[in-house]
Amino acid sequence: MDKILEIKNVNGAYGEAKVLFDISLSFETNKTSIIVGKNGAGKTTLFRIITGFMKPTSGSVNFFNNEKSQNLVGLPPYKIANLGIRYVAQDKAVFSDLTVKENLELAAYPTKDYNWDFIFEYFPKLQVLLNKKGGYLSGGERQMLIIGRALLGKPSVLLLDEPMEGLAPLIIEGFIEVISKIKKELTLIIVEQNIPVISKLADRVFLIKEGKIIADVGNKDDIKKATFEKYL
Amino acid sequence: MIRTFKKLWQPLFVITIVFVARFFVPISYLTEVIIFSIFIMSCNFLLGYGGLLSFGQPLYLGVGAYATACYLFYFGQNPLIGLLMGLIVGTIFALGIGVIIIKLRSDYFALTNAAMNVVGFFLVYDLFSNITGGMDGIWFLTKMNPVFGIDFTNTYHFFIFAEIVLLIILLLTQYIMNSMFGTICLACISNEKKVRFLGYSVFKTKLLSFIFSSVLASLAGSLYAIYFGYVCPSMMGQEKAGEVVATTILGGVGTLFGPIIGAAIIIGAKDIISNIIQNWEVFVGALLVIVVLKADEGIVGLVNDYIKKQKVI
């Protein structure tokens with residue numbers, strides 16, 4: 001299978017505190033990889049490095065697009081986003097003063113892809129909320145908007161940082177269904193601690209502990225059998 | 001495009017009110033209100049759409065004013081070319097300064113601008129006094145020739161010219177506020193990080209809003225220079241910076257017509273209240289406190305709140 005993203009010998013630190021230790025991973029095209037680990041293990045730091053919000057102390061992040069390889073280290077976040085790597089952060093923040101429609105317009109403008117009907121197929125509720133301001137949306141509605149917004153412009157890689165955190169079980173079921181559809185069309189990299197989500201969505205699981213990758217589970221049956229609880 | 005121009009009638013309505021007002025109030029007052037409004041619009045856009053507070057707006061006003069004045073005093077007699085010079089020099093100056101200071105944290109940005117204003121004042125007052133005339137300034141009222149039948153030294157002619165400029169600026173500002181660029185600016189104020197996630201450069205967005213704001217200030221400076229036929233360093237005084245910010249807040253930050261309302265009140269207070277009490281600023285200060293406590297969008301916000309309440313009733 002073709003690689004789309006390759007992280008090579010990446011080390012990351014916040015000042016003197018080293019957080020990532022010689023991380024090497026690769027993500028395959030149109031596969032869903034889930035990164036599992038305790039709080040503080042370095043999962044979000046890894047996402048911050050991939051998306052350009054943090055510079056690694058050493059190592060490279062290579063993005064393979066149209067058979068060309070490009071090192072993302074040193075590129076500003078907006079350029080990485082425009083290459084087709086979108087990031088949905090943990091905080092579920094939308095532009096609260098803008099309506100749902102304006103939030104979508106804002107996301108569509110850089111790629112000029114204003115065809116957002118497919119987003120309403122995934123999240124029909126957003127169509128009803130089009131003129132509602134982002135600040136008045138519930139947690140689940142915000143998450144629908146953020147994921148919908150990230151999908152505009154047909155990105156090739158989507159990074160989701162704990163997308164199910166704080167959501168009601170019924171809403172989580174809905175999101176799992178949507179993500180199962182989305183995952184066929186793009187590469188998903190998810191940071192997740194919810195075990196049912198991991199077993200239902202993952203094609204590959206990376207276990208991270210204290211800034212180091214300690215296991216790489218690439219077989220569906222092994223993922224279902226594995227007991228990830230002890231790593232959380 | 002339709003969304004952008006659907007409120008086209010609003011600037012036209014305001015311009016009509018200003019035009020009719022000349023039958024009731026002195027033209028000189030209205031002309032000053034127009035020019036001061038454009039100056040306030042610069043601070044209003046920077047604060048409302050760039051999220052940046054500047055205590056150095058008089059610097060950009062001075063750049064436009066002195067560029068126009070120097071052209072008209074040393075090189076030519078065409079006030080329109082003088083105005084163009086003010087805009088060109090203002091744009092280049094804003095670009096050069098903006099690239100350096102736009103990345104600063106908002107409080108440092110405000111203070112750096114204030115500091116640059118002081119430096120600018122010193123340069124005009126002392127260091128380049130052989131060119132700028134120092135504290136005496138530059139007089140060039142008699143050097144300006146009429147252009148296309150417009151005599152810029154004629155009060156009525158200049159009033160009509162200033163009205164046309166205000167209309168263009170109102171339409172342009174309304175277009176920008178309702179455009180995608182305006183939305184990106186608001187999104188940057190709300191959450192810069194999320195804007196980057198979506199593929200926008202926050203630096204470029206802020207730089208463009210800073211340049212637009214500074215060019216508006218330079219345009220106001222050029223208009224002042226042509227209107228009075230005179231420039232002097234006091235127009236860049238540090239006390240003016242506070243006045244601009246106060247007027248912006250009084251009118252309503254981020255609103256299209258707040259600057260005009262704020263400018264009309266401040267110029268009116270200067271003219272009328274200063275005849276009654278010497279320290280007219282006391283009135284403006286008290287009014288500002290009342291408005292800020294009552295509404296966060298200034299007088300425009302108060303009016304909007306009142307209209308909304310009436311609709312509910």
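Take helix α3 of chain B, which has 23 residues; at 1.5 Å a residue they should span 33 Å, and the end C-alpha atoms are 32 Å apart, so the two agree. The expected span here is 1.5 Å times one less than the number of residues. Helices (H or I, at least four residues) and strands (E, at least two) are DSSP runs, numbered from the N terminus.

Before going on, some housekeeping: this is a predicted model, where local features need pLDDT of at least 70, side-chain atom pairs count only at pLDDT 80 or more, and totals for chains, interfaces and linings use all residues. Residues are numbered from 1 along each chain as its sequence is written, and chains are lettered from A and ligands numbered from 1 in the order in which they are written.

Back to α3(B). After α3(B) comes B:Gly51, with a positive phi near 70 degrees.

The largest nonpolar core has 162 residues, and helix α3 (residues 27–49) of chain B gives the largest share of it, 14 residues. A nonpolar core is a set of buried Ala, Val, Leu, Ile, Met, Phe, Trp, Tyr and Cys residues joined through C-beta atoms within 7 Å. B:Ile35, B:Ile38, B:Ala69, B:Leu216 and B:Ala220 have the most contacts inside this core. What does B:Ala69 touch, leaving aside neighbours within four places in sequence? The residues are B:Ile138, B:Phe140, B:Ala225 and B:Val231. Two residues are in contact if their C-beta atoms, placed from the backbone, lie within 7 Å.

Next, helix packing in chain B. The axes of α4 (residues 57–75) and α6 (residues 106–127) come within 9 Å and cross at roughly 30 degrees. Therefore α4(B) and α6(B) are roughly parallel to each other. Angles under 35 degrees count as roughly parallel, over 145 as roughly antiparallel, 65 to 115 as roughly perpendicular and the rest as oblique. The axes are lines fitted to C-alpha atoms, for helices over the stretch in contact, and angles run from 0 to 180 degrees between N-to-C directions. On the α4(B) side, B:Pro58, B:Leu59, B:Gly62 and B:Tyr66 meet B:Met116, B:Asn117, B:Gly120 and B:Val124 of α6(B). That contact divides into 5 nonpolar residues, 3 polar and no charged. For these classes, Ala, Val, Leu, Ile, Met, Phe, Trp, Tyr, Cys and Pro count as nonpolar, Asp, Glu, Lys and Arg as charged, and the others, Gly among them, as polar.

Also in α4 of chain B is B:Val63, which is buried, with 27 other C-beta atoms within 10 Å. Not counting residues up to four places away in sequence, B:Val63 touches B:Val89, B:Gly90, B:Phe93, B:Ser218 and B:Gly221. B:Val63 and B:Met236 are 173 residues apart along the chain, yet their C-alpha atoms are separated by 9.2 Å.

A second pair: α13 (residues 258–276) and α15 (residues 298–312) of chain B pack at about 115 degrees, with axes 8 Å apart. That makes α13(B) roughly perpendicular to α15(B). B:Gly258, B:Ile261 and B:Gly262 make the contact from α13(B), and B:Gly298, B:Ile299 and B:Val300 from α15(B).

Now the other chain. Chain A puts 18 residues in contact with 14 of chain B. On the chain A side, α2 (77–82), β6 (85–88) and α3 (100–108) each supply at least two residues. By class, that side has 12 nonpolar, 2 polar and 4 charged residues.

Last, backbone points in chain A. Most residues other than glycine have a negative phi. A:Asn30 is not a glycine but has a positive phi of about 55 degrees. A:Asn30 sits in the loop between β2 (17–28) and β3 (32–36) and is partly exposed, with 15 other C-beta atoms within 10 Å. A:Glu162, also not a glycine, has a positive phi of about 45 degrees. Its loop runs between β7 (157–161) and α7 (169–182) of chain A, and A:Glu162 is buried, with 20 other C-beta atoms within 10 Å.

Methods: Buried ≥ 20, exposed ≤ 12 C-beta atoms within 10 Å, placed from the backbone.
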